[in-house]
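Welcome! Have a look at the model below, and then let us walk through some of its features together.

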Amino acid sequence: YPLFAAQADYFSGNTQRAWQNYLLAKTSLLNTIKELDFNFLTWLVDRNTELSNFAEADGLSRAMIQWMDTETDRFSPEARARVLLSYANIAFSRPEYPRAKALYGQIAAAKEFEGLRERDRAELRIAEVDRLTGQPQEAIGRLEKLLRRPDPFVQIEAHYQMALVKADQEE
């Protein structure tokens with residue numbers, strides 16, 4: 001019951017109480033994921049990643065990916081991309097940059113994610129990995145391509161990332 005209460009709290013906007021209820025029953029989460037909402041589960045992955053609870057985030061995201069792979073028709077491309085992006089973010093946060101870059105690259109290259117915000121985020125994260133791993137020219141090249149897109153979100157984020165690359169080069 002605490003997991004369903006956590007989900008209800010999440011959807012009512014009370015994320016603090018949702019997290020507290022999740023903590024009460026997190027050991028039974030993997031047994032009930034198919035009964036819970038995918039957006040709530042993705043939030044749990046992201047929250048665990050934020051808090052450096054990588055084992056929990058990784059276990060849940062792997063279970064979700066396995067579920068998506070066995071019931072492909074049930075999940076939209078947006079839902080699939082969100083979970084895969086959250087999974088890649090775990091590697092980024094650890095920091096396992098080569099693995100993160102490979103996972104982001106899979107999202108960015110997938111035709112099924114064309115036109116989705118998650119694909120844009122994956123491409124921006126690849127540029128961030130390049131910057132953090134001392135590959136500013138690769139980051140700049142990717143960001144320049146992103147800046148040519150007509151999407152204001154992508155342009156703003158790419159400008160921000162470009163500023164970080166330039167600041168790193170000045171140091």
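## The largest pocket

Fourteen residues, given as 14 in the count, line the largest pocket, and those nearest its centre are Leu-85, Asn-89, Arg-121, Arg-125 and Phe-153. A pocket here is an open set of points on a 1 Å grid over the protein atoms alone, where a 1.4 Å probe fits, with protein on both sides within 12 Å along at least five of seven lines; lining residues have an atom within 4 Å of a point. Two or more lining residues come from each of helix 4 (38-50), helix 6 (77-93), helix 8 (117-132) and helix 10 (152-170). Helices are DSSP runs (H or I, at least four residues), numbered from the N terminus.

Helix 8 gives the largest share of the lining, five residues. Sorted by class, the lining holds three nonpolar, four polar and seven charged residues. In this scheme Ala, Val, Leu, Ile, Met, Phe, Trp, Tyr, Cys and Pro are nonpolar, Asp, Glu, Lys and Arg are charged, and the others, Gly among them, are polar.

## About the model

This is a predicted model, in which local features need pLDDT of at least 70 and side-chain atom pairs count only at pLDDT 80 or more, while totals for chains, interfaces and linings use all residues. Residues are numbered from 1 along each chain as its sequence is written, and side-chain values use heavy atoms, with hydrogens and water left out.

## Helix 6 beside helix 8

The axes of helix 6 and helix 8 are 10 Å apart, at an angle of about 15 degrees. Axes are lines fitted to C-alpha atoms over the stretch in contact, and angles run from 0 to 180 degrees between N-to-C directions. Helix 6 is therefore roughly parallel to helix 8 (angles under 35 degrees count as roughly parallel, over 145 as roughly antiparallel).

Which residues of helix 6 meet helix 8? They are Glu-78, Ala-81, Arg-82, Leu-85, Asn-89 and Phe-92, where contact means heavy atoms within 4.5 Å.

## Helix 1 and helix 2

Helix 1 (residues 2-11) and helix 2 (residues 15-25) have axes that come within 8 Å and cross at roughly 165 degrees. That makes helix 1 roughly antiparallel to helix 2.

## Two spots in the loops

Arg-94 and Pro-95 are joined by a cis peptide bond, with omega about -15 degrees. Pro-95 sits in the loop between helix 6 and helix 7 (97-109).

Ser-52 is not a glycine, yet has a positive phi of about 60 degrees. Its place is the loop between helix 4 and helix 5 (54-70).

Terms used: Angles under 35 degrees count as roughly parallel, over 145 as roughly antiparallel, 65 to 115 as roughly perpendicular and the rest as oblique.
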